[in-house]
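I opened a notebook for this structure and wrote down what I looked up, in order.

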Amino acid sequence: MSVASAKRAAKSTTRPGGTLYRGHEGMWSWVLHRITGVAIFFFLLVHILDTAVVRISPEAYNAVISSYQNPLMGIGEIGLVGAIVFHALNGLRIIAIDYWRKGVKYQRPMFWTVIGVWVVLMAAFIPRQIIVIISEVQG
Amino acid sequence: MAAATPTMPAVQAFTITLNIRRFQPEVDQEARWQSFDVEVYSTDRVLDALHKIKWEQDGTLSFRRSCAHGICGSDAMRINGRNRLACKTLIKDLDITQPIYVEAIKGLPLEKDLIVDMEPFFAAFREVKPFLIANSKPEKGKERIQSIANREIFDDTTKCILCAACTTSCPVFWTDGQYFGPAAIVAAHRFIFDSRDDAAKVRLDILNDKEGVWRCRTTFNCTDACPRGIQVTQAIAEVKQAVLRGRR
């Protein structure tokens, strides 16, 4: 096997399933909307279950909630808030695309506005959440 | 006269690598990538590179092309991850330091190499009744009159060449082949908003379906993919609005 054909054979095994479609802001906002939507669904599922524990006994409910008071869950809450904020803001963008006459035309700037507002809100939330996490660690 | 015949500056030629997703149904169980080195000019298009491969290196390479000038809509394919017409994509507009990836459009049954079965695509097109349906007859010896303003409303969607670049760029269509797809909705839009047509209601009913306009998730891949520059997502949004109103 020559060097060239070896190189060729190596190349032929790359990207077996075809290339990833290189969409722009619209496609990636949709992908993020899906991922955050599914993540929020699973959070709500767990959240309804843990809240339902209060019907067993208030003590059991308190035990479940106190088990959330650890750094790992604190970081998870950052992810949760990030997902909800993006899903909410991008949801407004989608409503604008559907109902505002110029929504389609301005979908791209609206996407970057969503990202911008998301960054601002998370920049305000994350330091505060880190303080909460630290205070939990210190007991 | 030597001074009067200046030689044209030589067009620069260079060697590029094309990675083409091959599928030969006679021998292949599944699609595989094959690499070709081909010498092209900066003025060449991806279609020219494919021709060179087929004519000079490997005659088994199969793809569709007819007019080769961006009108017939035969040679839509995925070039470097985006749906494009091979005949409208200039080599010089691509990054030739990297191999150029060429594969069939996605979401339609792959038949051979870059050829897919277009029948599901045309079936969706036919379903929206893409032809004039008029209840009244024009005045004897006269044509159906339409104002410039009324013609303008659907001007954008008359440009479609049915290449399927939009429909096969749609993530919803990849996973749900029942979805009408952007091209069929564009075709419907062209007649729904035509003042001479009387069947807007019929087409709106057809598209007010689980697999109709409401499947659109506004990813805007279709608008980006359209080689004719049709604002596809805008057209779909206008049809959605018309469905909500119950009239055009």
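**Notebook: chain B**

I began with B:Val239. Leaving aside neighbours within four places in sequence, I found B:Val239 in contact with B:Ile185, B:Ala188, B:His189, B:Ile192, B:Leu207 and B:Val213. Contact is taken to be C-beta atoms, placed from the backbone, within 7 Å of each other.

I noted the ground rules. The model is predicted, so to speak by rule: local features need pLDDT of at least 70 and side-chain atom pairs count only at pLDDT 80 or more, while totals for chains, interfaces and linings use all residues. Residues are numbered from 1 along each chain as its sequence is written, and chains are lettered from A and ligands numbered from 1 in the order in which they are written.

The domain bounds come from an automatic or database assignment.

**Helix α5**

I then checked α5 (residues 182–192) of chain B: 11 of its 11 residues are buried, so the rest of the structure largely encloses this helix. Buried means 20 or more other C-beta atoms within 10 Å of a residue's own; exposed means 12 or fewer, and partly exposed is in between. Helices (H or I, at least four residues) and strands (E, at least two) are DSSP runs, numbered from the N terminus. The buried residues of α5(B) pack against α2 (119–127), α6 (200–207), α7 (221–225) and α8 (232–245) of chain B.

**Domains**

I found the C-alpha centres of domains 1 and 2 of chain B to be 29 Å apart. On each side, 14 residues are in contact with the other domain. Strand β4 (residues 82–85) of chain B supplies the largest share of the domain 1 side, four residues.

**Backbone**

Most residues other than glycine have a negative phi. B:Leu162 has a positive phi of about 55°; it sits in the loop between α3 (148–153) and α4 (171–175) of chain B and is buried, with 20 other C-beta atoms within 10 Å. B:Thr218 has a positive phi of about 45° and is buried too, with 23.

Note on methods: Contact = placed C-beta atoms within 7 Å.
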